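Subject: Structure handover

Hi,

Here is the structure we talked about. Please load it first, then read my notes below.

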Amino acid sequence: MSAGTFTPRPGAAPVSRMILAQTALETRMLLRNGEQLLLTVIIPALLLTLFSAVDIVTVPIREGGGEKSVDFLAPGILALAVMSTAFTGQAIATGFDRRYGVLKRLGASPLPRWALMAAKTLSVLITEVLQIVLLTVIALALGWSPQGDPLSVAALILLGTAAFSGLGLLMAGTLKAEMTLAGANLVFLLLLVGGGVIVPLEKFPDAVQSVLGLLPISALSDGLREVLQHGASLPWGDAAVLAGWAVLGLGAAARLFRWE
């Protein structure tokens, strides 16, 4: 046995390994949180099942036929799932991490701050994949017939995730945790009703439609609906709205986020 075989080599792990470890931790914490599961999984699944099975909201059916309520509802519920994780869930979790000093302590660790944000983003994406798989299985069981290009769907979901993540981090990094909790849940409820998720924007007055159509949830739900329900190519208008919100939200969060 050569000398020095068991000589300690203190030092930080590679950044990639630290990001993966933090991502796994963030994901486990989210999946173990009952309130987060209610928001990200149970509520979207219940809304999809209820509004597909019961004729509560009259959805627009284009001439040409054969479309069911679930064909309209499924893309909107997928958009809601993205918002619930990337915006509401992330804002609340990050806000309380900031309040209890978790972010400050992690900021003093070998894990760079940008790597912490990267781990949170990867955790959001992993959770969204699980959500989409579950909701897709439920929608298919209810008779959903999706169309369109999966790459267009992926592009819209990534743009939506960036937009909602930026807004969630902006809220969590500038407001107190209690205000973030109340504000994020309030925004979730308002956008659920007024974002074209389950209530078509055509049900609102014309003057209001033009404003609601510029919201990120409206752009995401409408874009997913164009692709998955009508088989359209990537809707560049909706993609541009999401990209604009992503730039504004992430840019503002980068400048205004307070770690303490």
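At what angle do the axes of helix H1 (residues 15-32) and helix H5 (residues 113-141) cross? Roughly 50°, and the axes come within 8 Å. Angles under 35 degrees count as roughly parallel and 65 to 115 as roughly perpendicular, so H1 is oblique to H5. The crossing of H1 past H5 is right-handed. Bear in mind that this is a predicted model.

Helix contact

On the H1 side, the contact is made by Val 15, Ile 19, Gln 22, Thr 23, Glu 26, Thr 27, Leu 30 and Leu 31. H5 brings Trp 114, Ala 115, Leu 116, Ala 118, Ala 119, Lys 120, Leu 122, Ser 123, Ile 126, Thr 127 and Leu 130. Sorted by class, the H1 contact with H5 holds twelve nonpolar, five polar and two charged residues.

Largest pocket

The largest pocket holds about 520 Å³ of space. Its lining counts 23 residues. Closest to the centre of the pocket are Asn 33, Gln 36, Gly 89, Ile 92 and Ala 93.

Which helix gives the most to this lining? H3 does, with eight residues. At least two lining residues each come from H1, helix H2 (34-53), helix H3 (69-99), H5 and helix H7 (177-194). By class, the lining of the largest pocket splits into eleven nonpolar, eight polar and four charged residues.

Best wishes

Key
Residues numbered from 1 in each chain as written. Predicted model: local features only at pLDDT ≥ 70, side-chain atom pairs only at ≥ 80, totals over all residues. Heavy atoms only, no water. Axes fitted to C-alpha atoms, helices over the stretch in contact; angles between N-to-C directions. Helix = DSSP H or I, 4+ residues; strand = E, 2+ residues; numbered from the N terminus. Parallel < 35°, antiparallel > 145°, perpendicular 65-115°, else oblique. Left-handed = near helix turned anticlockwise from the far one by under 90°. Contact = heavy atoms within 4.5 Å. Nonpolar A, V, L, I, M, F, W, Y, C, P; charged D, E, K, R; others polar. 1 Å grid on protein atoms, 1.4 Å probe; cavity = no way out; pocket = protein on both sides within 12 Å on 5 of 7 lines; lining within 4 Å. Points joined across faces, edges and corners; volume = space filled by probe spheres on them.
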